Amino acid sequence: MTEFDFIRQYLQKQKSSGLILGIGDDAAIIRPSHGFDLCFSADMLLKDRHFFSDTAPEDLAWKMLAVNISDMAAMGATPKWVLLSAGLPELDENWLKRFCDSFFSLAQRFGITLIGGDTTKGDLVFNVTIIGELPQGQALRRDTAKDGDDIWVSGQIGSAAAALNCRLNTHTLPPDLFDRCHDRLLRPEPRVELGQALLPIAHAAQDISDGLAQDLGHILTASSVGAEISANALPVLEELKNVLPHESWLSCALAGGDDYELVFTAPECRRSEIQKAAEQCGVAVTPIGKINNTGRLKIIDSNGGELKLTSLGFDHFG
């Protein structure tokens, strides 16, 4: 199989509304909907840096696309188009079929069309660029949190980091619990519907990719505000709390990352609307603290004291 055989057999078959010209030319042409803004995001994934070398191709493809969809969810955008570039050691047809079946299955679920990219020989390096749409001027941003806002988190956090730490031999988990957490690590669930539902309600939002403390910190910095959150309020799987030391599960939840849940802020008066929107989306949401004007993040531990973290989250050059 040559590069062009791969493109023709697996990639050159996508059509969607707004796509004028897709794969097969020097560039794709898209036409955004009238009255909408375009959102762009890109992520690079490297073997042994962002995923283990033994990761199954179907899991790799799923996570690769899901983490990019999550960026659209954090903005309240509808994901529409994606570009995929890959460095592959060889064109193994079995590996490629499993990868592409998973990639296109998730893309189809969210109405996303692959419109281009690049392939070359390399040691499992990937770059995904995703493009979405949202009504003009309505994006959920990091720089719009307000003093007095509630801070919310969707879903549960800490499970993906617990699985990762287990694989890195930092701690151990019972096999059934590891399997559940490992699934969260490999197959995160983008909160697109929730992000869209929050557009008229929330002030600021961010997806949790590098750790709650670090990612919430981006909102605080961009908005020139501070925050106080409660460790007791964090939505962490009860089984993790039961099997891991207090410090370990707290570290997973606050600094572990790989959750791809949403952390967002909204006025206190919108609490019932947020709960209703979350119920309609089938996603749990949990208030974990408040935005304030202190200019710093304060984390209150279960004993009432301030918790000091040695790490706020993933360091891309660490």
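Leaving aside its neighbours within four places in sequence, which residues is Ser 209 in contact with?

## Ser 209 and its contacts

In this predicted model, Ser 209 is in contact with Asp 215, Gly 257, Asp 258 and Tyr 260, once you set aside neighbours within four places in sequence. You'll find Ser 209 in the loop between β8 and α7. Its relative accessibility is 18%, so Ser 209 counts as buried, the cut-off being under 20%.

## The largest pocket

Now look at the largest pocket, with a volume of about 1200 Å³. It is lined by 49 residues, and the closest to its centre are Ser 209, Asp 210, Asp 258, Tyr 260 and Phe 314. Several elements give two or more residues to the lining, including β3 (36-46), α5 (175-186) and α9 (246-256). Helix α2 makes the largest share, with 7 residues.

What is the lining like by class? Count 19 nonpolar, 16 polar and 14 charged residues.

## The annotated binding site

An unreviewed UniProt entry puts the annotation "binding site" on Gly 117, Asp 118, Arg 142 and Ser 209. These residues don't all gather at one spot, because the farthest two C-alpha atoms are 31.3 Å apart. From this set, Arg 142 and Ser 209 are part of the lining of the largest pocket.

Gly 117 sits in strand β5 (residues 113-121). With a relative accessible area of 48%, Gly 117 is partly exposed. Not counting residues up to four places away in sequence, Gly 117 touches Leu 83, Leu 84 and Ser 85.

Methods:
Residues are numbered from 1 along each chain as its sequence is written. This is a predicted model: local features need pLDDT of at least 70, side-chain atom pairs count only at pLDDT 80 or more; totals for chains, interfaces and linings use all residues. Side-chain values use heavy atoms; hydrogens and water are left out. On a 1 Å grid over the protein atoms alone, a cavity is a set of points where a 1.4 Å probe fits but cannot get out, and a pocket is an open set with protein on both sides within 12 Å along at least five of seven lines; lining residues have an atom within 4 Å of a point. Grid points are joined across faces, edges and corners, and a volume is the space filled by probe spheres set on the points. Helices (H or I, at least four residues) and strands (E, at least two) are DSSP runs, numbered from the N terminus. Ala, Val, Leu, Ile, Met, Phe, Trp, Tyr, Cys and Pro count as nonpolar, Asp, Glu, Lys and Arg as charged, and the others, Gly among them, as polar. UniProt positions are given in the numbering used here, feature names are shortened, and annotations may be inferred rather than shown by experiment. Buried means under 20% relative accessible area, exposed over 50%, partly exposed in between (1.4 Å probe, protein chains only). Contact means heavy atoms within 4.5 Å.
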